[in-house]
Amino acid sequence: MFYFEDYELHLKQLPMKDNFQKEDLMTDSFLFAKDNNVEVFWAPFEYLNTEAKVMIVGITPGWTQMQLAFQYVRKHIDAENREKVLINAKKQASFGGKGIRKNLIEMLDGIELNEALHIKTCAELYDEKNHFLHSTSTLRYPVFINKKNYTGSSPSMLKRPFLLKMIQDLFVPEVNKVPNAIIIPAGKAVSEVLHYLVAEGKIRHQTILYNFPHPSGANGHRKRQFEDKKEDFKATVKKHFS
């Protein structure tokens, strides 16, 4: 299910700005769903690359990613066709901001995903080799608790019916349309959701790099977690692409 048409008019009514603020985007015009202090806002993350070889799954887009996507779409909505603007918005925003993408690329190259894809570096996945990649989140649209980024816990995605329904309604059908991709979950919370969905028979992907660390600089255990599992990740990547 995609909702771009429902929000297109509101998008076009946004002012042209270099930097949107929360009061510009976290409004009733873009409110997708709400459950007490949990709010979900629609954002232009609806492009689906069914031919992707790699699927990187985050928890939910944060404010920075939401801001980047909206800024790209608002600037280009009248200059590019819908598919192109959504492709480029996701390319611009996915794991964007504060060094998080740099950390992710370093880890992907560290498990030799670049070699498996026959590219120089996984930075190319966000450039000319973007057709190899599908970026998504277990919660497709930005989720906030008391206007702050939702981090995947307190509450758990699997224990809050409101969030679990979003996963089942939006994420499961999306993932199943990219059946041959290797799935790289960013962080423990995403791995827990994927374990659950596999156990329930909701998804049947053959290769999932469970417990891949979240690339955020705020994840103080990232480097140690990565080093502990790196050789296992390398072996799994090599086997998947062999």
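Leaving aside neighbours within four places in sequence, aspartate 24 is in contact (heavy atoms within 4.5 Å) with Leu14, Lys17 and Phe30. The structure is a predicted model, in which local features need pLDDT of at least 70 and side-chain atom pairs count only at pLDDT 80 or more, whereas totals for chains, interfaces and linings use all residues. Residues are numbered from 1 along each chain as its sequence is written, and side-chain values use heavy atoms, with hydrogens and water left out.

Aspartate 24 belongs to helix α2 (residues 22-25), where helices (H or I, at least four residues) and strands (E, at least two) are DSSP runs numbered from the N terminus. With a relative accessible area of 17%, aspartate 24 counts as buried; the term stands for under 20% relative accessible area, with exposed meaning over 50% and partly exposed in between, for a 1.4 Å probe and protein chains only. Its side chain reaches the backbone nitrogen of glutamine 21 at 2.7 Å.

Not counting residues up to four places away in sequence, phenylalanine 70 touches Leu11, Leu14, Phe20, Leu25, Phe30, Trp42, Ala43 and Pro44. In soluble globular proteins, nonpolar side chains tend to be buried together.

In one, four strands are arranged in the order β1-β2-β5-β6 with antiparallel pairing, two strands being taken as paired if DSSP finds at least two bridges between them. Because β1 and β6 (148-149) each have a single partner strand, they stand at the edges, and one side of each is left without a neighbour in the sheet. Strand β1 (residues 31-35) pairs with β2 over four bridges in the antiparallel sense, and leucine 31 has phenylalanine 41 in β2 as its bridge partner. These two strands form a hairpin with two residues between them, and asparagine 36 in the turn has a positive phi of about 55°. The pairing of β2 with β5 is likewise antiparallel and extends over three bridges, with glutamate 39 standing opposite phenylalanine 144 in β5. Strands β5 and β6 run antiparallel and are joined by two bridges; here the bridge partner of phenylalanine 144 is asparagine 149 in β6.

Five bridges join β3 to β4, and isoleucine 56 has serine 135 in β4 as its bridge partner.

The axes of helix α5 (residues 100-110) and helix α9 (residues 222-241) come within 10 Å and cross at roughly 35°. In this contact, Asn103, Met107 and Gly110 in α5 meet Arg222, Phe226, Lys230 and Lys234 in α9. By class, two nonpolar, two polar and three charged residues take part; Ala, Val, Leu, Ile, Met, Phe, Trp, Tyr, Cys and Pro count as nonpolar, Asp, Glu, Lys and Arg as charged, and the others, Gly among them, as polar. Lysine 230, found in helix α9, is buried with a relative accessible area of 19% and touches Gly110 and Ile111, not counting residues up to four places away in sequence.

Asparagine 180, in the loop between α7 and β7, counts as exposed at 64% relative accessibility.

Definitions and conventions:
Polar contact = N/O pair within 3.5 Å; in protein donor to acceptor, adjacent residues only side chain to side chain. Axes fitted to C-alpha atoms, helices over the stretch in contact; angles between N-to-C directions.
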